[in-house]
Amino acid sequence: MGSALISHFLRGLRRSGNAMSFGGRLRLSQSILRRVFRFVDREVTISDFNGKFVIRLILSEHMQRRIFWMGYYSTDIVALLKRVLRPGMVVADVGANIGEITLVSAKCVGSEGKVIAFEPVNAIADRLAEHVQVNGLNQVLIRREALGTKIGDRVPIYASCGQDVSDDHQGLASLYGENEGQAPIQYVNVTTLDEVTSSLSLAPIDLIKIDVEGGELACLQGAERVLRRSRPMLIVEVQKFSARQAGWDVDELFRYLQRFGYEFFTIGSRGRLRALDLSSLVDFQNVFCKVRDRVE
């Protein structure tokens, strides 16, 4: 079977799985297909991501395979974004990868809004840029920098900070290596969110999503002016392992944000929010943070 026929066959299976999910309410067929075709080494283009976008996906890669078969990688976060974002809003996607959250946010905020997508790994940022360009998303600005507490040049970035994974996973790049002898995948520039918003004269940021494998606290510490002035909604991946690798404890992140009046929620199925009990944190959680008197 030729390459084009194989891609056509896979897209057909995907359509069948989507149809049997009844709008995402019953995902068993999609989950089975994702597992059965886990080791397919194929690159496939789809034209209906989030209903309207063209994206190119590598099916042997963990996140992209899930997007192909399941519709999204971050299903619950996507559901939440669709509920809280409005046309004209400004979003910062920190750790944008190939653009799942960037594209969803761009559709939500429309041409009147703005999405700043931060992705420092060149190979991934190239794919992100391709997806932004092919879909004509002029409201998206890509920054190939990492975010931290201060501006710096030529900082090493690693494939991961030591997570135990069973297959190719491009979404684990981290400024914090697994060990001293680990070779970086490249060197990147670091800036702060405060500096970027100032240099671009951005309107107040409405929402920041952060998924940077241990760099979450540093990113927020470099956004103190943004947090004080804009009081943006936050979606933060909080992971005890990557935090330890970076030299901080997850409690520090929550204490820091509490200074600005934030309260915290776990993001559940279909984006439902539940108050987060800080005394019962698990090893990994996506957390929605909102200033108490901010009404969405």
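This is a predicted model: local features need pLDDT of at least 70, side-chain atom pairs count only at pLDDT 80 or more; totals for chains, interfaces and linings use all residues.

Trainee: Remind me what a disulfide is?
Mentor: A disulfide is a covalent bond between the sulfur atoms of two cysteines.

Trainee: Why is C161 too far for a bond?
Mentor: Look at the closest cysteine sulfur, which is in C219.

Trainee: Is C161 buried or exposed?
Mentor: C161 is buried, at 0% relative accessibility. C289 is buried too, and its relative accessible area is 0%.

Trainee: New topic. What span should helix α1 have?
Mentor: Helix α1 covers residues 3-19, which is 17 residues. At 1.5 Å a residue, the helix should span 24 Å. Its end C-alpha atoms are 24 Å apart, so the two values agree.

Trainee: Which residues of α1 are buried?
Mentor: S7, L10, R14 and G17 are buried there. They cover an arc of only 80° around the axis, so they sit on the same side of α1.

Trainee: Why would residues spaced like that point the same way?
Mentor: An α-helix has 3.6 residues a turn, so residues three or four places apart point the same way.

Trainee: Which residues are exposed on the other side of α1?
Mentor: A4, L5 and A19 are exposed there. R15 is also found in helix α1. R15 counts as partly exposed, at 48% relative accessibility.

Trainee: What do the buried residues of α1 pack against?
Mentor: They pack against α2 (28-36), β1 (43-49) and α3 (62-70).

Trainee: Which residues are buried in α2?
Mentor: S29, Q30, S31, L33 and R34 are buried in α2. What covers them includes α1 and α3.

Trainee: How far apart are R15 and I235?
Mentor: They are 220 residues apart along the chain. Their C-alpha atoms are separated by 30 Å.

Trainee: On to strands. What is the order in the open sheet of three strands?
Mentor: The order is β6-β8-β7, and the pairing is mixed. β6 (146-147) and β7 (152-157) stand at the edges. Each has a single partner strand, so one side of each is left without a neighbour in the sheet.

Trainee: What holds paired strands together in general?
Mentor: Strands of a sheet pair through backbone hydrogen bonds, either parallel or antiparallel.

Trainee: Do β6 and β8 pair in the parallel or antiparallel sense, then?
Mentor: Parallel, over two bridges. Strand β8 is residues 186-191. In that pairing, A146 stands opposite V190 in β8.

Trainee: Where does A146 lie?
Mentor: A146 lies in strand β6. A146 counts as buried, at 9% relative accessibility.

Trainee: What is A146 in contact with, leaving aside neighbours within four places in sequence?
Mentor: P120, L175, V188, N189, V190 and T191. V40 is a separate case: A146 and V40 are 32 Å apart in space, C-alpha to C-alpha, and 106 residues apart in sequence.

Trainee: Rings next. How many aromatic pairs are there in the whole structure?
Mentor: A search finds five. One of them is F68 with W69. Their ring centres are 4.8 Å apart and their planes are at 90°, so that pair is edge-to-face. F68 and W69 are both buried.

Trainee: What about Y256 and F260?
Mentor: Y256 and F260 form an edge-to-face pair as well. The distance is 5.2 Å centre to centre, with 70° between the planes. Y256 and F260 are both buried.

Trainee: Last one. Where is N97, and what is its phi?
Mentor: N97 is in the loop between β3 (90-94) and α5 (100-109). Its phi is near 55°, a positive value in a residue other than glycine. N97 counts as buried, at 10% relative accessibility.

Definitions and conventions: Residues are numbered from 1 along each chain as its sequence is written. Side-chain values use heavy atoms; hydrogens and water are left out. Helices (H or I, at least four residues) and strands (E, at least two) are DSSP runs, numbered from the N terminus. The expected span of a helix is 1.5 Å times one less than its number of residues. Buried means under 20% relative accessible area, exposed over 50%, partly exposed in between (1.4 Å probe, protein chains only). The arc is that of the directions from the helix axis to the C-beta atoms. Contact means heavy atoms within 4.5 Å. A disulfide is a pair of cysteine sulfur atoms within 2.5 Å. Two strands pair if DSSP finds at least two bridges between them. Rings of Phe, Tyr and Trp (its six-membered ring) pair if their centres lie within 6.5 Å; planes under 30 degrees apart count as stacked, over 60 as edge-to-face and the rest as tilted.
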